[in-house]
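Please keep the sequence and the 3D view open while you read.

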2 protein chains.
Amino acid sequence: MTTTNVALLGFGNVGRAFVRLLAEKRASLAGRDGLDLRLKAVLCARGGILAGEGEDVPDLAGADREGLAGHPRFERGLNPGAVLRRLKPGVFAECISSPPETGEPALGHLREALSRGWHAVTADKGPLAADAGGLREAARAAGTGFRFSAATGAALPAADIALFSLAGAEIESIQGILNGTTNFVLTRMGRGESYEEALAAARRLGIAEPDPTRDVEGLDAAVKLLILSNLVFGESRQIGDVRVRGLSAATADEARRAAAAGRKIKLLASAVRRGGRTELSVEPAVLDAGHPLFGVDGAEKGVTFFTDTMGAVTVSGGKSDPRGAAAAMLKDIILLLGSRRP
Amino acid sequence: MTTTNVALLGFGNVGRAFVRLLAEKRASLAGRDGLDLRLKAVLCARGGILAGEGEDVPDLAGADREGLAGHPRFERGLNPGAVLRRLKPGVFAECISSPPETGEPALGHLREALSRGWHAVTADKGPLAADAGGLREAARAAGTGFRFSAATGAALPAADIALFSLAGAEIESIQGILNGTTNFVLTRMGRGESYEEALAAARRLGIAEPDPTRDVEGLDAAVKLLILSNLVFGESRQIGDVRVRGLSAATADEARRAAAAGRKIKLLASAVRRGGRTELSVEPAVLDAGHPLFGVDGAEKGVTFFTDTMGAVTVSGGKSDPRGAAAAMLKDIILLLGSRRP
C-alpha cells in the first residue's frame, strides 16, 4: 500500500466533488490500486484546514465554501506555500479558476509545488493556457509528475489519447467539439429552435453557466484547444493566437439550412499543422454525416486526432459535470502514483 | 538514448508493415522518445534471420514471406526459443495467428519471452483469448511489461482507455462495434443492398477477408470482446462463454426496417456486469440515434465504456489495416520502454 498526502486548493463545485469522491473511492483505491490517499489540507482563497500529524482533514463531505470557512479548524490566511512546506510531498490538486492570460494565482502555486517535490494535478485551464510547457518542464526537472486531464474536457480523455494511445504516430491535425453548452444550443437550433430558446433551455437544464458569455463566444473552447494543441505539438502559443468566432444570431439560419441538407453546424475547434506551425481556430463549421464528430450532439464533447499511421481516432462523451472533472483529477493521481504504468 | 533489441515473430501483412514502420520511424523515435530500436531477429513458422553482434537484420522492407525464406541469411528451423536465449532481452513482438481455444503456438513463446526478462507485445488474439491474465501475471512476476493494443482493434485504443483513462472509475458495462467487415455490410444493408451485394462490395474493397466466415458469424468480434472484458473485469472467461449470433439473410430485412425508422442495426458486442459476473454477447442489435455508437459506420469500429463517475466514454476510428496494427504494436513498445510514462 502506498500512502500519499494530498493537498487540495479549490473548494468550489469541483473541489467539493473531489473531496466526496476521495471518501467514496477509499476502498477501491486501496483494493485495486494499492493507494491510500490522505487528504491533509483543503484550501480556498481565504485560508484552509491543515490536518495534524497522523490525521486527515475532518469530514467536509457536506460542506460548501461557507461551511469550510466557518469550520472550527479553518485557519484564515493559510496559504498553499505554508502547506507545501509543512507536509511531506505528495500530490497537490488544484481546481480554482485562473485567467488564461496570466494563469495566476494557480501558476505560482503549481510551480512551487513541483519545485518542492510534489506531483501536481489541475482542472484549472488558466495556468495551462499560460505556461503548460513550463510546468511540464518543471515537473521533469523535479522528477515529479504533472497531469491535467480535467482541464481539456473533464472526463473526456483527450490528453490521454494524445500522449499515450498515439505514441509513435504523427498527429497532423486536431478537430474538436470542446464546449458542451454551445453544442447543446447548436443541436437545438438544428431542430428549429431560435438561439434564445435554445440557450434558455441550456440554462434551465443547468448545462449553461448563469453567464454563458465565455462559452457562446467560443473562448472556453479556444482555451481547451490551446492546451491540447500546445501539448500535442510542443508549442507555447498563447490564447491570443487562436482565431475565434462564436455563435451569433446568424448561426441559427445556418443551422437550419444545414439540417435541411442532412448536415450539422458545430462549433469546431481546429489545430492544423501548416509549414512547421500550428493554425488554431474556433468557429462554426458545417459537418457532413461522414465526419467523425457528426454524431456528437447535445451537451456532449468529442475530439478527433488525424494521424499518419493510425488514421483518425475519435474520443467522445465523458461526464462534464463537477463529478466528472473530479474523477479525471483522481485518474491523474492514480496514473502519477504509478499503479497503472503501462 | 535507450537502445533495445527487438525480436519479431510473424512476417505476414502485419509483421511486414511493422518492419517497414520501424525503418520509417527511426528518426522520430530517436528524437521524440529517445529510443533506438534494433531489429535483431525476424522469425516465421519455418525459421528466420538472426542478426549478429553489432548489426541489425538486413533490410527486409521489400520482402514478402517467400523473400524472407529465400534470403541468404535465412536459417531454416531457427525458433523463438533460440533467439530469446541468444539475444540480450528487449522486446518480443508477436503477430502470428493462433487459435483462441489454445492460443498456441504463440502462448508458449510469449511465456518464454516474459520469463526470460523480455517485454512482449502482441497483435495476436489467440494467446489473449486463451490466457491474457496468465501472461499479464507472468510479466508482473518477471518485472517486465506486456501489452496487446493491436489485438482489440488495431489502432483503436480501446485497451488504453480501459486501463488508463478510466482509472479510478468503475466500468459497469462495455458495448462495442468491434468488426469492420460486418459493420460495413450492415451499413450497406441499411441503405437497401442485399447481404450478398454488401459482402461482395466489402470483398472488392479489400475490407473483407477472402473467407469472411469468422467475421460474419461474429467470432472475430467475440474474441475481441472477450479480451477486452477479461482485461477490464479481471476475469478469465473463455471464448465459449460468449453468446454469439452473427449476420444472416434475415438481418437485411431488419436493417431496412431499422433505417426506415431512423435507427440502425449494428453487430453489437456487449459485456455487462450482473451479480458479480459478466454476461458476454455478440449479436445484431437496433441502435437509435442517441446511442454513442450510432455514428460508427462503414468499416469503422468503436467501443463505449459505461462508468459510475465518468459517464459514457466512447472511442472510435483508428486504422484497422496492417499498418494500423503495426502502429499499435509500436505504440505499445514506446509505452513499455517508459518514455511516455504518465
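This is a predicted model: local features need pLDDT of at least 70, side-chain atom pairs count only at pLDDT 80 or more; totals for chains, interfaces and linings use all residues.

Over all chains, the structure holds 52 salt bridges, a salt bridge being a side-chain nitrogen of Lys or Arg within 4 Å of a carboxyl oxygen of Asp or Glu. Residues are numbered from 1 along each chain as its sequence is written, chains are lettered from A and ligands numbered from 1 in the order in which they are written, and side-chain values use heavy atoms, with hydrogens and water left out.

| A:Asp160 | A:Lys331 | 2.7 Å |

Take the salt bridge of A:Asp160 with A:Lys331 to begin with. A:Asp160 sits in helix α7 (residues 158-165) of chain A and A:Lys331 in helix α13 (residues 322-336) of chain A, so this pair ties together parts that are 171 residues apart in sequence. Helices (H or I, at least four residues) and strands (E, at least two) are DSSP runs, numbered from the N terminus. Both A:Asp160 and A:Lys331 are buried; buried means under 20% relative accessible area, exposed over 50%, and partly exposed in between (1.4 Å probe, protein chains only).

A:Glu235 counts as buried because its relative accessibility is 15%, whereas A:Arg273, at 32%, counts as partly exposed.

B:Asp332 belongs to helix α13 of chain B and B:Arg147 to strand β7 (residues 146-147) of chain B, so the pair joins parts 185 residues apart in sequence. B:Asp332 is buried, with a relative accessible area of 1%, and B:Arg147 is buried too, at 4%. Back in chain A, a network of salt bridges links A:Arg26, A:Asp36, A:Arg38 and A:Asp56.

Now for the two chains together. How is chain B superposed on chain A? A rotation of 180° with 0.0 Å of shift along its axis does it (RMSD 0.0 Å), which means the relation is that of a two-fold axis. Copies are superposed by least squares on the C-alpha atoms of residues with pLDDT of at least 70 in both. In chain B, the C-alpha nearest the axis belongs to B:Val315, 2.2 Å from it. The same surface serves both copies, as 100% of the contact residues of chain B recur in chain A; contact means heavy atoms within 4.5 Å.

At this interface, 40 residues of chain B are in contact with 40 residues of chain A. The area buried between the chains is about 3500 Å², with carbon and sulfur atoms giving 54%; buried area is the accessible area (1.4 Å probe) that two parts lose on being put together, summed over both. Four salt bridges are found across the interface of chain B and chain A, along with 16 residue pairs in polar contact (both at pLDDT 80 or more). A polar contact is a pair of N or O atoms within 3.5 Å; within protein, one must be able to donate a hydrogen and the other to accept it, and residues adjacent in sequence count only if both atoms are side-chain atoms. On the side of chain B that touches chain A, the elements giving two or more residues are α7 (158-165), β13 (312-317) and α13 (322-336) of chain B. Of these, α13(B) gives the most, with eight residues.

Finally, have a look at helix α8 (residues 180-190) of chain A, which is mostly covered, with nine of its eleven residues buried. Among the buried residues are A:Phe184, A:Val185 and A:Leu186. At the start of α8(A), a side-chain oxygen of A:Asn179 reaches to within 3.3 Å of the backbone nitrogen of A:Thr181. After α8(A) comes A:Gly192, whose phi is positive, near 105°.
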